[in-house]
Amino acid sequence: MGVGTCLKDYFLGFWDYETPKIMVVKNLTLGVIYRGVQFIVITYFVWYVFISQKAYQETETRPASSVYTRMKGSAVHGDQILDTVEYVRPSEGGDVITAILRREVTYDQKQENCAEYFGVANANCSRDSDCIQGEVDFNGHGRRTGRCIRYYNYTFKTCEIKSWCPIEEYAVHREPPLREAINFTVFIRNSILFPKFGERRGNIKGSSNRRNMHKYLNKCLYDEEKEPYCPNFRLGYIAHQARENFSELCRTGGVIGVFIHWSCDLDLDPSRCKPKYSFRRLDLRKDQANSGYYCRFAKYYQKNGKESRTLIKAYGIRLDIIVHGQAGKFSPIPTIISAVTALTSVGICTIICDWIMLTFIDKDNIYSDSKFDEVIDEPTDESIPPQLLYITSFSAYQSDLSDDVLL
């Protein structure tokens, strides 16, 4: 067969028309398989796609959110009474708030000359020539003066520097942890907006009586079952939910994420759209060199006409408030798309049953011979070449054109 003949057959075959042939197969096994697969496919789409995944809804997964936080509580620390101004950073509130649980304080620092810390590289010396004047070690505390002096009350010597003196490592005073902070409460107010639907929600249940609401917010504590709309959380409760030891957090500090998740079905009553809270430690506990949380800040004042400061290294619990959510509402477009997808997916039943019939059940090629027919349309005009029409069957229903195949 030449190349020209192949091309001619391909060209003529390209214009063939194929149409399904309706054929009923009388076979109980195949019928049970067919209806069973249909039942599984329909059940999957009705239960999983429509009910579980709510494919009939239009969704919004990027809500706009606002968070305001405030901490309350007071504690006795030695002879001092500490309030929120002393142990909360920052004071204005936001999606990040820190409770100071332990402090290391260096009092009465002034800008003057003093000995460098001996743990700094090349800080130890025996003579002035070991210290280069004007050199600054960025891992140290200041600029070297070129002198080698005794390290405070010790016998060894280090290079002299100009800095805030005395240095922290020498004069630091470590205070005991603020264990009473376990009962401090964090007020978290979260408002969320789903722009696509113009719907707003808040984690505080509204009330027409403002005075009663104020009293309620001053007394309530969050409970997932009893008080889901109370925005007050004990620090001890947060640490427990994050599976952390509060005493250990007092010693090293830590970062805990407060996750607020909104999953709202806007077709239902608004009372069913309420936040779910979860808590998790965010910093790496296992890496002791980088685990925990602390920050430094100073309080400046004038003493004898000279600027002085108190340096505070504060360990605490830092709370990161992270909000995410989604909302869904009925829409005809996704409903139609999901319904059409479900109906077309039922066609897989025919493909599976045809494969089973042709592979396992076909007897003496009876099914194959009945499934594929070649119909030649005899032309009335001899000048017109015959056209071949293949009728391919994917079993459906019985009609006047139906063939009954008994197997």
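Helices (H or I, at least four residues) and strands (E, at least two) are DSSP runs, numbered from the N terminus.

A word on what you have open: it is a predicted model, where local features need pLDDT of at least 70 and side-chain atom pairs count only at pLDDT 80 or more, while totals for chains, interfaces and linings use all residues. Residues are numbered from 1 along each chain as its sequence is written, and side-chain values use heavy atoms, leaving out hydrogens and water.

Still on H2, show the side chains of Leu 30, Val 37, Gln 38, Val 41, Phe 45 and Val 49, which are buried (under 20% relative accessible area, with a 1.4 Å probe and protein chains only). An α-helix has 3.6 residues a turn, so residues three or four places apart point the same way.

Next, check both ends. At the start of H2, zoom in on Asn 27: one of its side-chain oxygens comes within 3.1 Å of the backbone nitrogen of Thr 29. Just after H2, pick Lys 54, which has a positive phi of about 50 degrees.

Jump to strand S19, residues 306–330, and find Ser 308 there. Is Ser 308 buried or exposed? Ser 308 counts as buried because its relative accessibility is 0%. Leaving aside residues up to four places away in sequence, Ser 308 touches Asp 108, Gln 109, Lys 110, Trp 164, Lys 299, Tyr 300, Tyr 301 and Lys 303 (a contact means heavy atoms within 4.5 Å).

For the last stop, select His 261, Ser 263, Cys 264, Asp 265 and Lys 276, which lie nearest the centre of the largest pocket among its 25 lining residues. Which strand gives the most to this lining? That is S16, with four residues.

Finally, zoom out to the protein chain: ten helices and 22 strands.

Methods
Buried < 20%, exposed > 50% of the residue type's maximum accessible area, 1.4 Å probe, protein only. Polar contact = N/O pair within 3.5 Å; in protein donor to acceptor, adjacent residues only side chain to side chain. 1 Å grid on protein atoms, 1.4 Å probe; cavity = no way out; pocket = protein on both sides within 12 Å on 5 of 7 lines; lining within 4 Å.
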